[in-house]
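Student: Could we go through this structure together, one question at a time? I would like to see how each answer is reached.

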Amino acid sequence: MTATTEHESEEYSGLRGFAARWLFTTNHKDIGTLYLLWSLLMFFVGGAMAMLIRAELFQPGMQVVDPYFYNQMITMHALVMIFGAVMPAFVGLANWMVPLMIGAPDMALPRMNNWSFWLLPFASLMLLSTVFLPGGGPSGGWTLYPPLSLQMGDAFPFLIFSIHILGISSIMGAINVIATVLNMRAPGMSLMRMPLFVWTWLITAYLLIAVMPVLAGGITMLLTDQYFGTTFFSAAGGGDPVLFQHIFWFFGHPEVYIMILPAFGILSEIIPTFARKPLFGYSSMVYATASIAFLSFIVWAHHMFTAGMPLAGELFFMYATMLIAVPTGVKVFNWVATMWRGAMTFETPMLFAVGNVILFTIGGFSGVMLAIAPADFQYHDTYFVVAHFHYVLVSGAVFSIIAAVYYWLPKWTGHMYNESVGKTHFWLSVIFLNVLFFPQHFLGLAGMNRRIPDYAVQFADWNMVSSLGGFGFGVSQLLFLYVIIRCMRGGKRAEARAWEGAKGLEWEVPSPAPHHTFDTPPRIETAGH
């Protein structure tokens with residue numbers, strides 16, 4: 001055999017080994033890594049779309065993109081961030097951590113696990129391809145309300161099909177989590193001894209299975225209205241356009257909690273570690289999570305106060321929405337109580353966790369404002385709503401994913417990340433996030449509508465501030481990419497206990513917190529004792 005053929009043979013076997021490792025893998029850690037890397041890619045794709053949106057809104061007048069393309073970017077940014085970035089990232093974290101946390105050798109259904117991942121890039125690329133199809137891409141907003149969503153041209157069936165496949169992927173991931181948690185816990189790992197991250201994902205999995213088919217039904221009805229002559233949502237044929245809003249938001253509101261409950265679980269792992277105390281109120285956290293999940297099903301019409309509903313309906317949805325603040329408040333109280341008089345240190349994961357608690361609470365307060373039906377008539381469809389849900393989803397969901405990556409990266413890669421770069425990433429992110437989204441509260445209260453490519457000149461100053469914050473936030477995420485690449489390529493070896501001196505680490509089985517009084521400060525072990 002010549003040297004060339006030998007080299008080619010080595011290359012072929014290396015390629016075959018790579019394919020066997022990553023294409024056909026059934027290992028939960030490899031699949032978790034694939035999910036996380038894909039979600040990181042989609043995070044930057046969706047972020048680039050957001051940069052285009054903020055560039056267009058930098059000043060009044062049309063200067064960067066035309067209005068139709070702007071509307072496409074609004075729609076695609078939301079769909080890519082939700083279905084391509086945030087949800088896959090949480091599924092990736094579940095794949096990596098749930099079996100380790102409950103003492104299982106792998107996920108219960110490893111081949112289905114592989115399939116559920118590989119549907120994701122296929123569906124995501126199909127979703128992105130709609131921008132390039134004749135007639136233009138999706139431009140009906142991420143909510144796909146008819147009749148706007150029915151005017152997309154050739155992109156429409158591709159969009160519907162891609163969302164169907166993304167939903168199938170999510171449902172399979174959820175089934176896998178439920179089967180794993182209920183059937184594969186180590187001996188002695190009762191439900192009420194599971195780490196909070198496992199609990200939040202178990203509850204999230206049930207939410208996913210309950211609501212994704214509802215979205216599938218709604219968008220299939222849109223499809224048949226467009227191509228098969230049905231009139232579910234056409235008033236001309238006896239249908240009701242508002243019916244789609246009910247179907248969509250019955251999915252859409254639990255979907256928000258699908259993106260935030262695993263974040264609560266991550267915070268409940270990180271905060272006790274760096275406070276060096278058990279989580280305060282373990283069982284109340286479990287019950288609060290279940291309460292939030294239940295209540296999320298009976299508040300959907302608070303998105304529809306201006307669509308016209310009976311006064312009794314407005315009152316019911318207003319009070320039910322405010323009720324969600326109670327279990328959410330229990331969680332925030334428990335995190336603060338966990339930190340109270342703890343021996344806290346502020347490594348990067350803890351910074352992102354504390355930033356998450358504070359900024360998510362701001363989003364919660366504006367949510368209570370939006371829950372007040374008479375006030376919502378003023379806020380609805382303005383930038384106040386945009387500010388609210390971005391405070392919830394960026395500082396709530398995205399910050400928690402970043403915190404989780406910093407927290408578990410040393411265990412995943414065996415290498416320690418650069419702490420000073422991580423802290424710089426945090427401070428730039430938290431400053432620019434507030435510069436980006438806080439002025440949008442003022443714009444909304446002043447009456448600036450969302451989803452518009454141009455605006456009146458009185459909104460110019462705060463839009464410029466908001467856009468500068470957006471560009472700064474986008475650029476600062478490159479530090480996160482740098483940290484991940486450096487960790488994957490090598491660097492300082494991580495210790496066996498990455499967060500040295502922390503009690504209740506992620507690798508130990510955290511049992512429910514013992515009875516604790518705060519009469520005496522916690523005893524801190526020092527070296528040599």
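Tutor: Gladly! Let's begin with one term: contact means heavy atoms within 4.5 Å. This is a predicted model, in which local features need pLDDT of at least 70 and side-chain atom pairs count only at pLDDT 80 or more, while totals for chains, interfaces and linings use all residues. Residues are numbered from 1 along each chain as its sequence is written, and side-chain values use heavy atoms, with hydrogens and water left out.

Student: Thanks! Which residues does Ser-139 touch, not counting residues up to four places away in sequence?

Tutor: Start with its place, the loop between helix 4 (110-129) and helix 5. Helices here are DSSP runs of H or I with at least four residues, strands are runs of E with at least two, and both are numbered from the N terminus. Setting aside residues up to four places away in sequence, Ser-139 touches Tyr-68, Asn-71, Gln-72, Thr-75 and Met-152.

Student: With which side chain does the side chain of Ser-139 make a polar contact?

Tutor: A polar contact is a pair of N or O atoms within 3.5 Å; within protein, one must be able to donate a hydrogen and the other to accept it, and residues adjacent in sequence count only if both atoms are side-chain atoms. For Ser-139 the distance is 3.4 Å, and the partner is the side chain of Tyr-68.

Student: Is Ser-139 buried or exposed?

Tutor: Buried means under 20% relative accessible area, exposed means over 50%, and partly exposed lies in between (1.4 Å probe, protein chains only). The relative accessibility of Ser-139 is 13%, so Ser-139 counts as buried.

Student: Which side chain makes a polar contact with the side chain of His-425?

Tutor: His-425 is found in helix 14. At 0% relative accessibility, His-425 counts as buried. Leaving aside neighbours within four places in sequence, its contacts include Phe-352, Ile-402, Tyr-406 and Ser-476. The polar contact, at 2.8 Å, is with the side chain of Tyr-406.

Student: How far apart are the C-alpha atoms of His-425 and Phe-352?

Tutor: Along the chain, these two residues are 73 residues apart. In the model, Phe-352 is also among the residues in contact with His-425. Their C-alpha atoms are separated by 9.8 Å.

Student: How do the directions of helix 6 and helix 8 compare, parallel or antiparallel?

Tutor: The axes of helix 6 (residues 196-227) and helix 8 (residues 261-275) come within 7 Å and cross at roughly 175°. Axes are lines fitted to C-alpha atoms, for helices over the stretch in contact, and angles run from 0 to 180 degrees between N-to-C directions. Angles under 35 degrees count as roughly parallel, over 145 as roughly antiparallel, 65 to 115 as roughly perpendicular and the rest as oblique. The crossing angle therefore makes helix 6, relative to helix 8, roughly antiparallel.

Student: How many nonpolar residues does the contact of helix 6 with helix 8 have?

Tutor: The residues making this contact include Leu-196, Phe-197 and Trp-201 of helix 6, and Leu-261, Pro-262 and Phe-264 of helix 8. Ala, Val, Leu, Ile, Met, Phe, Trp, Tyr, Cys and Pro count as nonpolar, Asp, Glu, Lys and Arg as charged, and the others, Gly among them, as polar. The contact has 4 polar and 1 charged residues, and the number of nonpolar ones is 9.

Student: What is the phi of Arg-276 near?

Tutor: Most residues other than glycine have a negative phi. Arg-276 lies in the loop between helix 8 and helix 9 (282-295), and its phi is positive, near 55°.

Student: Which peptide bond is cis?

Tutor: Most peptide bonds are trans. Look in the loop between helix 4 and helix 5, where Pro-147 has its place. With omega near 0°, the cis bond runs from Pro-146 to Pro-147.

Student: Where in the protein is confidence highest?

Tutor: pLDDT is the predictor's confidence in each residue, from 0 to 100. The protein's mean is 90, and 91% of its residues reach 70 or more. Confidence is lowest in helix 1 (residues 3-22), at a mean of 67, while the highest mean, 97, belongs to helix 14 (residues 419-445).
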